[in-house]
Amino acid sequence: MTFKSYIPIFLLILSFQKNAAQTKDSIKNLKEIIITGFKTVNGLGHLPDSKNGIIYAGKKSEIILIDSLDANKAINNTRQILGRIPGLNIVETESSGFTANGIATRGLNPTQSIEMNTRQNGYNVSADIYGYNESYYLPPMEAVSRIELVRGAASLQFGSQFGGLVNYVIKEVPANKPFEFITSQTIGSYGLFNSYNSIGGNYKKWNYYAFLQYRNLEGYRPNSEQTQVSGFGKIQYNASNKWNFGIEYSLLRNKIKMPGGLTDAQFNNNPQQSTRARNWLKSPWNITTAFANYTPTENSTLSIKSSYLFSSRSLVWRNEDGGAEAIDNIDPATNDYVPREVGIEKMNNSTTEIRYSQNYMLGSQKSTFAGGIRQSYAWFKRQGGGEGTNGSDFDLSINGNWGYDLDFTTFNIAPFFENCFKITNTFTLTPGFRFEYLRSTAKGRKEVDGDILISDEIRNRTFALAGIGTEWKTSKNSSIYANFSQAFRPIDYSQLEPFGVTSKIDPNLKDSKGFNSDLGYRGTVRNYLNFDFSAFYLAYNNRIGIALETNPITGDYFSIRKNIANSVHKGIESYIEFNLLKYLNPKSSLGLSIFNSYSFIDAQYTNGDFKGKRVEAAVKNIERVGLIFSTNRLSTTFQINYVGDAFGDASNVYTSEDPVAGYIPAYTVIDWSGSYKIKNYALKFGINNVTDKQYFTRRTDEYPGPGIIPAVGRSLYFGFTTVFD
């Protein structure tokens with residue numbers, strides 16, 4: 001080869017080097033972007049094996065993406081938003097004094113979600129983790145991006161509750177925008193007006209997000225007007241791509257009038273009538289949270305959340321004496337109303353939770369360790385039975401002393417860990433352990449029939465909870481999962497409160513214990529099929545109740561609060577969603593899908609006086625079927641909700657003078673909702689309870705009753721949403 005032959009090659013090399021240099025000069029180092037998704041076709045999916053340092057492999061989990069739903073979010077219509085969760089039982093009390101509808105699964109008690117571990121952005125939002133774990137506050141659904149629900153196996157990572165975890169995740173700061181403003185206005189039946197407004201954005205290493213919601217409702221029944229303000233603010237500093245920290249604040253201010261409960265005869269005659277015109281409730285809620293997240297390596301994470309809840313509930317009402325039959329009318333003898341009863345509860349708790357996770361190689365597979373510790377201290381002051389005024393407005397002044405004045409505290413510390421061993425590419429095994437230490441105190445006085453009862457109790461106990469989960473991936477997008485996890489429900493404040501002169505609290509009173517277990521098969525098929533079929537078995541032992549016993553010396557009868565029975569809850573849960581148009585054409589811009597959420601629950605007492613009886617509030621059959629049609633702009637959902645019958649208490653009587661005892665009939669409710677989008681604008685509309693079904697979901701012996709609490713009849717809503725950026 002001659003020298004001239006090398007010239008083209010030489011020129012080619014020079015050209016390549018020049019281009020390479022230019023390319024090198026134009027290269028910019030970009031931050032790593034990690035994309036994490038949720039396995040879902042439309043509204044419902046399940047959580048990945050691990051996320052944010054928490055292991056979900058082998059657990060029964062669901063995730064609901066709120067923006068994908070057609071629902072009345074202005075009033076947090078629970079059956080539309082959470083209704084796709086198989087077996088979800090809902091107490092609908094928004095018409096009678098509690099705007100946060102309670103939920104439960106698997107035949108557990110749905111009242112104020114007391115069997116659930118209720119969280120927002122991963123931290124506790126209920127009054128107390130164990131002593132008074134009722135939920136009065138929920139964020140407005142217009143502010144929520146997704147809802148995560150993990151069944152009983154959540155007891156190891158989050159707490160011991162039989163019902164598991166429900167976590168409401170607030171929307172994130174809009175990406176790559178210095179400012180975004182969203183406003184949503186809704187009007188509807190029974191005087192509904194709801195205004196939701198949010199702002200968010202980024203500035204250098206800072207980001208911020210906040211919303212404010214105002215809602216006013218005259219109510220389905222007379223004397224049920226409500227005014228509510230909810231707010232949230234978050235500021236976060238992103239120090240580097242390895243760590244960030246920030247603060248959050250949530251608030252609720254409300255004033256609610258409670259129309260009272262009804263007898264069966266009153267409900268059958270007119271479910272919209274009211275027996276009370278002077279009952280009021282306020283429950284201001286405040287939660288502050290500081291957080292920090294640190295990722296020292298791509299395989300390890302450390303997070304710290306520390307929250308402080310300071311809230312209260314104030315109540316002035318014509319109380320439960322005489323039941324729903326005791327109409328609150330003017331007394332002819334005095335020509336005035338009888339004095340009302342006043343009650344005030346002040347709730348405080350501080351909780352800190354530290355979590356650490358580490359991915360590591362075990363053989364040729366990457367396994368994950370996740371653990372941490374939670375420390376909580378709660379103090380709760382309950383004052384009630386005070387004689388209030390005979391007026392009709394919201395007035396908390398009392399004449400004389402409180403009927404009871406009690407102080408409670410709960411200290412809890414709980415280390416926990418789980419390890420997801422990835423045995424093969426398709427098989428994982430996840431054992432876990434949680435240790436709980438609890439210290440509960442109860443001090444104070446209570447007047448019963450003129451006698452003063454003194455309470456001074458201290459209870460210390462420890463619990464060890466263990467569990468194991470396994471998952472076998474039968475394909476890339478489907479798996480078989482199974483788990484077993486112990487759970488318990490501690491003695492709460494009300495069970496430590498004295499309740500009668502001749503009554504006793506068993507000194508050997510024990511916390512309720514048991515376990516959850518699941519076996520299921522779930523998955524997705526491309527973008528047209530989503531399914532989850534499972535069976536469960538739940539054992540709930542040492543349930544606490546009141547029994548009648550005889551003094552062996554005197555022969556006198558006395559009531560005693562003790563562990564009275566065990567119960568077993570077993571059944572099946574299934575969810576399937578099929579998109580016909582996506583099946584026929586995966587690239588279709590149109591969607592036509594149908595979903596079916598079904599559960600069968602057999603919950604019975606297995607010993608004691610109620611052996612063979614159904615557990616109170618346990619519904620056997622729950623089925624929700626929906627039809628969804630969507631285009632690029634229009635989305636609409638038609639949903640049929642069937643909820644089977646239940647009983648108000650463990651006696652399973654159909655009628656009773658006791659307002660909490662009695663039959664709760666099955667019902668079918670139809671909802672229709674839709675939205676239409678044009679660029680940055682969206683219209684929303686719908687009808688709830690299309691057929692105006694008259695039904696109820698709860699009987700109660702106290703507020704907001706006593707008696708039957710009717711659900712809301714037919715209602716319409718219409719609104720719009722606008723985004724400015």
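Me: Where in this predicted model is the place of Tyr528?

Reply: Tyr528 sits in the loop that lies between strand S27 (512–525) and strand S28 (529–550).

Me: Why is Tyr528 called buried?

Reply: The relative accessibility of Tyr528 is 10%. Buried means under 20% relative accessible area, so Tyr528 counts as buried.

Me: How far apart are Tyr528 and Ala74 in sequence and in space?

Reply: Tyr528 and Ala74 are separated by 454 residues in sequence, and their C-alpha atoms are 30 Å apart.

Me: Why does Ala617 count as buried?

Reply: Ala617 has 18% relative accessibility. The cut-off for buried is under 20%, therefore Ala617 counts as buried. Its place is in the loop between strand S30 (591–605) and strand S31 (621–630).

Me: What is the phi of Ala617?

Reply: The phi of Ala617 is near 70 degrees, which is positive, and Ala617 is a residue other than glycine. Most residues other than glycine have a negative phi.

Me: Why is Lys679 called exposed?

Reply: Lys679 has a relative accessible area of 83%. Exposed means over 50%, so Lys679 is exposed. This residue is placed in the loop between strand S35 (667–678) and strand S36 (681–688). Lys679 is not a glycine, yet has a positive phi of about 55 degrees.

Me: How do you know that strand S23 and strand S24 pair?

Reply: Strand S23 (residues 427–448) and strand S24 (residues 451–475) are joined by 22 bridges. Pairing needs at least two bridges, so S23 and S24 pair, and they run antiparallel. Within the pair, Glu436 is opposite Phe463 in S24.

Me: What do S23 and S24 form, and which residue in the turn has a positive phi?

Reply: They form a hairpin, with two residues between the strands. Asp449 is in the turn and has a positive phi of about 55 degrees.

Me: What makes S24 and strand S25 a pair?

Reply: Eight bridges join S24 to strand S25 (residues 478–489). At least two are required, therefore these antiparallel strands pair. Ser475 is opposite Ser478 in S25, and S24 and S25 form a hairpin with two residues between them.

Me: Which residues touch the most other members of the largest nonpolar core?

Reply: Leu82, Ile147, Tyr168 and Trp285 do, in a core of 57 residues. Among the elements that give two or more residues to this core are strand S10 (144–150), strand S22 (404–422) and helix H4 (493–496). Another core, of 13 residues, lies apart from it and includes Ala646, Tyr695, Ile708 and Ala711.

Technical notes:
Residues numbered from 1 in each chain as written. Predicted model: local features only at pLDDT ≥ 70, side-chain atom pairs only at ≥ 80, totals over all residues. Heavy atoms only, no water. Core = buried A, V, L, I, M, F, W, Y, C linked by side-chain atoms within 4.5 Å. Buried < 20%, exposed > 50% of the residue type's maximum accessible area, 1.4 Å probe, protein only. Helix = DSSP H or I, 4+ residues; strand = E, 2+ residues; numbered from the N terminus.
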